[in-house]
Amino acid sequence: MASKAQQAVIDDSLLMEQADDEMPDLIETDPTLGLPSLIDQYKKADVDEDGFTKTKSRKRKAKNTVDDVDMEESVDEVPEAPKEKRGKADKVEIRSVPVPPHRLAPLKSDWVKIFTPVVKHLGCQIRFNLKSRKVELRNGDKLGDLNHLQKAHDFVRACVLGFSVEDAMALIRLDHLFLESFEVTDVKPLKGEHLSRAIGRIAGKDGRTKLTIENVTKTRIILADSKIHLLGSFQNIKVARNSICSLILGAPPSKVYGNLRNYASRASDRL
């Protein structure tokens, strides 16, 4: 038994020596270079110009050469599959804007001013659904970019929220204008007379505070009960929103005016 164990150890040592002789030499690499990218590695393989690896076609060998010729001809003569035509319903997109009851009369009076730029300038289709009381918009015959449809939706929504048609037209002509809405209760949970006083602080006497914020920040503000709607650029909306939130939280208007004055001076210095 001992002689068998010794013989096994000798055989293992011989196998290890043979394995060491068969192992290739190590290749010295520069440690500063790091690993090559996958793109470089795939470039070494068979890759065509589009970046796809070339694969060898596998064909079964038949006994007769005639069968090979027939099979190759049948492969070459396979007709291309017809391209599926997308229907018009796949490309048409519809947007709707709900109209509250108290905005039906102003919408009716300004309807000509509203649908004219939507149809002529943006090339969209518009109608008012009497049953659902919604203004429905659809991209026109030139089905392509949906930016026109989104601009038409923002324009109609601004008119429904209470902005004048002239102010809402800026959404069509300029690309960096947005709409933002929030409620007074989102800033501070107020009820009853406290809520009324907060709305009064935002408006000011004869609407002077609201008008001052609009002129300094170059925005338009709509006060609809406890809801506040802003129209303007992103940075200007941010400044106007901060001023309104300060008034809701109880800051005196004089302090808000001071902050707006500083903002106006910084904006003039930038220009």
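Student: In which helix does Leu 195 lie?
Tutor: This is a predicted model, in which local features need pLDDT of at least 70, side-chain atom pairs count only at pLDDT 80 or more, and totals for chains, interfaces and linings use all residues. Residues are numbered from 1 along each chain as its sequence is written, and side-chain values use heavy atoms, with hydrogens and water left out. Helices (H or I, at least four residues) and strands (E, at least two) are DSSP runs numbered from the N terminus. On that numbering, Leu 195 belongs to helix H11.

Student: Is Leu 195 buried or exposed?
Tutor: Buried means under 20% relative accessible area, exposed over 50%, and partly exposed in between, with a 1.4 Å probe and protein chains only. The relative accessibility of Leu 195 is 18%, so the residue counts as buried.

Student: Which residues does Leu 195 touch, not counting those up to four places away in sequence?
Tutor: Contact means heavy atoms within 4.5 Å. Thr 185, 10 residues from Leu 195 in sequence, has its C-alpha 8.2 Å from that of Leu 195. With residues up to four places away set aside, Leu 195 touches Val 184, Leu 190 and Ser 226.

Student: Where is Asp 206, and is it buried or exposed?
Tutor: Asp 206 sits in the loop between helix H11 (193-203) and helix H12 (208-217). Its phi is positive, near 55°, in a residue other than glycine. With a relative accessible area of 68%, Asp 206 is exposed.

Student: Arg 133 is not a glycine; what is its phi?
Tutor: Arg 133 is found in the loop between strand S2 (124-129) and strand S3 (134-139). Its relative accessibility is 42%, so Arg 133 counts as partly exposed. Apart from neighbours within four places in sequence, its contacts are Val 97, Pro 98, Val 99, Pro 101, Leu 104 and Phe 128. The phi of Arg 133 is positive, at about 55°.

Student: How far apart are the C-alpha atoms of Leu 107 and Val 160?
Tutor: Leu 107 is placed in helix H5 (residues 104-109), and at 8% relative accessibility it counts as buried. Beyond four places in sequence, Leu 107 touches Val 99, Ile 114, Phe 128 and Val 135. Leu 107 and Val 160 are 53 residues apart in sequence, and their C-alpha atoms are separated by 6.9 Å.

Student: What is the C-alpha distance between Leu 179 and Asp 154?
Tutor: Leu 179 is in strand S4. Leaving aside neighbours within four places in sequence, its contacts include Asp 154, Arg 157, Leu 230 and Leu 231. Leu 179 and Asp 154 are 25 residues apart in sequence, and the C-alpha distance is 7.6 Å.

Student: Why does the largest pocket lie between domain 1 and domain 2?
Tutor: A pocket, on a 1 Å grid over the protein atoms alone, is an open set of points where a 1.4 Å probe fits, with protein on both sides within 12 Å along at least five of seven lines; lining residues have an atom within 4 Å of a point. The largest pocket is lined by 16 residues, with Pro 100, Val 160, Leu 161, Lys 227 and His 229 nearest its centre. Strand S1 (94-98), helix H7 (147-161), strand S4 (177-183) and strand S6 (227-233) each give two or more residues to this lining. The pocket lies between the domains, whose bounds come from an automatic or database domain assignment, because its lining takes residues from both domain 1 (94-175) and domain 2 (178-269).

Student: How many helices and strands does the protein chain have?
Tutor: Of the 271 residues of the protein chain, 24% count as buried. Among its contacts with a separation of 6 or more, 55% are between residues 24 or more positions apart. The protein chain has 14 helices and six strands.
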